[in-house]
Amino acid sequence: RADDRRPVAYFAEMQRDITYLGEGVYEVAVQTEQHGVHALRIELNGSAAVPLTMVAVCPNQGRNIALTTGECGCPPGFALDSSGGCTLCDVGSSKPAPGNQGCTACAPGSYSPARGAAVCTACIPGEFQTQMGAGECIPCPQGFSSIFGSSACTVCAAGFYQPSPSWPPEECESCESSLNGALCPHDNTTLATVSLERGRWRLSTLSKEIRVCLEAEGVTPCTGGVHTAAANCAANHSGVLCETCSLPRFYFDRVNAELCSLVKYVIDMS
């Protein structure tokens, strides 16, 4: 009930104190945990209640995000602390969505180098991270590499190849020092996928022996590249060092290092 000397305010069905500021001017302070439009009822000197509306908005700082639940929440990269405010996520953690939930530690293969991250960053190829909650990624050992967002170095680096089919590779060997005439331009090269230089030949994808083909005036039957069923021979060539002609009546001139040519017949008409 309102008394007979001053107005009384009711908010959320509870009486609130009103402060007299001057003739006809009063102040009432209310607090709510819900943003949006709220009803405020004032009884003036015992008269009928005067209905008013109050619009509550989230503050400019701290819990400044209006959530669909009606609460004010912390922005991405911030978590609700024990005092009811917002605090930055620690290094090695993140929070992608607004709300009052806590921050989450970065998963293996990712990291967060600074406080206040909305998302963790995936490790780039050539780096890895095995731990949760990391602030950085670790470079792979020499000769090894990794895929994007990896927790381990599971492939060989460019310039190296995997000599055995085991996974993950137990060792990575240098193309330059152990496979003369072969190239390993990309990560994840294996013995089967090394690329031969032009003018080089090998028997199969399992062979480490790379042989030099005949070449004359820049012409060679060995095209190089990744090994295929035709052993990377020029058209109409096959066999060891690509010196066998695939078509009848053609021959390979090894003396002059000429590619397969049509056999020339000399007919004696005498």
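Which residues does the UniProt annotation "domain: Tyrosine-protein kinase ephrin type A/B receptor-like" cover? The unreviewed entry gives residues 109–145. UniProt positions follow the numbering used here, feature names are shortened, and annotations may be inferred rather than shown by experiment.

This is a predicted model, where local features need pLDDT of at least 70, side-chain atom pairs count only at pLDDT 80 or more, and totals for chains, interfaces and linings use all residues. Residues are numbered from 1 along each chain as its sequence is written, and side-chain values use heavy atoms, with hydrogens and water left out.

**Exercise 1.** Describe the span 109–145.

Step 1. Its end C-alpha atoms lie 13 Å apart.
Step 2. The span is 0% helix and 27% strand. Helices (H or I, at least four residues) and strands (E, at least two) are DSSP runs, numbered from the N terminus.

**Exercise 2.** Work through the disulfide of Cys140 and Cys153.

Step 1. A disulfide is a pair of cysteine sulfur atoms within 2.5 Å. Here the S to S distance is 2.0 Å.
Step 2. The angle about the S-S bond is -95°, and the link is left-handed.
Step 3. Cys140 sits in the loop between strand 16 (138–139) and strand 17 (144–145), and Cys153 in the loop between strand 17 and strand 18 (155–156), so the pair ties together parts 13 residues apart in sequence.
Step 4. Buried means under 20% relative accessible area, exposed over 50%, partly exposed in between (1.4 Å probe, protein chains only). Cys140 has 13%, so Cys140 is buried. Cys153 has 15%, so Cys153 is buried.

**Exercise 3.** Are Cys233 and Cys242 buried or exposed?

Step 1. The two form a disulfide, with sulfur atoms 2.0 Å apart.
Step 2. Cys233 and Cys242 are both buried.
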